[in-house]
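Please keep the sequence and the model in view while reading.

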Amino acid sequence: MKYKKYYATLNREQKKTLAERLHTSPEYLAQLNSGMRYAGLKIVRAIEPATDGVVEMHELPLKPLPRSLVVSF
């Protein structure tokens, strides 16, 4: 399930609990949902266990790599 769809199903208390499981704030999760921020590696790796597999890691908006790390062939 996409993160945005999953996030929309949660009530305020569930959003707070998810934030605690991910060791972040409910505000950060709201910013991920709105597209204002990208998910960092910590959140990407923790999302599947925190949601009991409902949201998979590849379904989050990922933070782009810095230009210095992008390799072209």
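Which residues does L22 touch, not counting residues up to four places away in sequence? L22 touches L29, K42, I43, A46, I47 and A50, where contact means heavy atoms within 4.5 Å. This is a predicted model, in which local features need pLDDT of at least 70 and side-chain atom pairs count only at pLDDT 80 or more, while totals for chains, interfaces and linings use all residues. Residues are numbered from 1 along each chain as its sequence is written, and side-chain values use heavy atoms, with hydrogens and water left out.

**Overall architecture**

- The chain has four helices and zero strands; helices (H or I, at least four residues) and strands (E, at least two) are DSSP runs, numbered from the N terminus.
- From the N terminus on, the order of the elements is α-α-α-α.
- The C-alpha trace spans about 45 × 20 × 20 Å along its principal axes.
- Of the 73 residues in the chain, 27% are buried; buried means under 20% relative accessible area, exposed over 50%, and partly exposed in between (1.4 Å probe, protein chains only).
- Among the contacts with a separation of 6 or more, 42% join residues 24 or more positions apart.

**Confidence**

- The mean pLDDT of the chain is 90, and 100% of its residues reach 70 or more; pLDDT is the predictor's confidence in each residue, from 0 to 100.

**The nonpolar core**

- The largest nonpolar core has 17 residues, and those with the most contacts inside it are Y3, L18, L22, L29, L32, I43 and L60. Such a core is a set of buried Ala, Val, Leu, Ile, Met, Phe, Trp, Tyr and Cys residues joined through side-chain atoms within 4.5 Å.
- At least two residues of this core come from each of α1, α2 (12-21), α3 (26-34) and α4 (41-50).
- The element that gives the most to this core is α4, with four residues.

**The aromatic pair**

- The structure holds one aromatic pair. The ring centres of Y3 and Y7 are 5.6 Å apart and their planes stand at 35 degrees, so the pair is tilted.
- Rings of Phe, Tyr and Trp (its six-membered ring) pair if their centres lie within 6.5 Å; planes under 30 degrees apart count as stacked, over 60 as edge-to-face and the rest as tilted.
- Y3 and Y7 are separated by about one helical turn, because they are four residues apart in helix α1 (residues 3-9).
- Both Y3 and Y7 are buried.

**Helix α3**

- Y28, L29 and L32 are buried in α3. These residues cover an arc of only 100 degrees around the axis, which puts them on the same side of α3; the arc is that of the directions from the helix axis to the C-beta atoms.
- The buried residues of α3 pack against α1, α2 and α4.
- After α3 comes G35, whose phi is positive, near 90 degrees.

**Helix α4**

- I43, V44, I47 and A50 are the buried residues of α4. They cover an arc of only 135 degrees around the axis, and therefore lie on the same side of α4.
- The buried residues of α4 pack against α1, α2 and α3.
- The exposed residues L41, K42, R45 and P49 are carried on the face of α4 turned away from its buried side.
- K42 counts as exposed because its relative accessibility is 53%.
- Leaving aside neighbours within four places in sequence, K42 is in contact with L22 and H23.
- A polar atom of the K42 side chain lies 3.0 Å from the backbone oxygen of H23.

**The segment after α4**

- T51 is found in the segment after α4, and T51 counts as buried because its relative accessibility is 2%.
- T51 is in contact with Y6, L18 and R21, leaving aside its neighbours within four places in sequence.
- D52 is also found in the segment after α4, and D52 counts as exposed because its relative accessibility is 63%.
- The phi of D52 is positive, near 55 degrees.
- D52 and N33 are 19 residues apart in sequence, and their C-alpha atoms are 19 Å apart in space.

Methods
A polar contact is a pair of N or O atoms within 3.5 Å; within protein, one must be able to donate a hydrogen and the other to accept it, and residues adjacent in sequence count only if both atoms are side-chain atoms.
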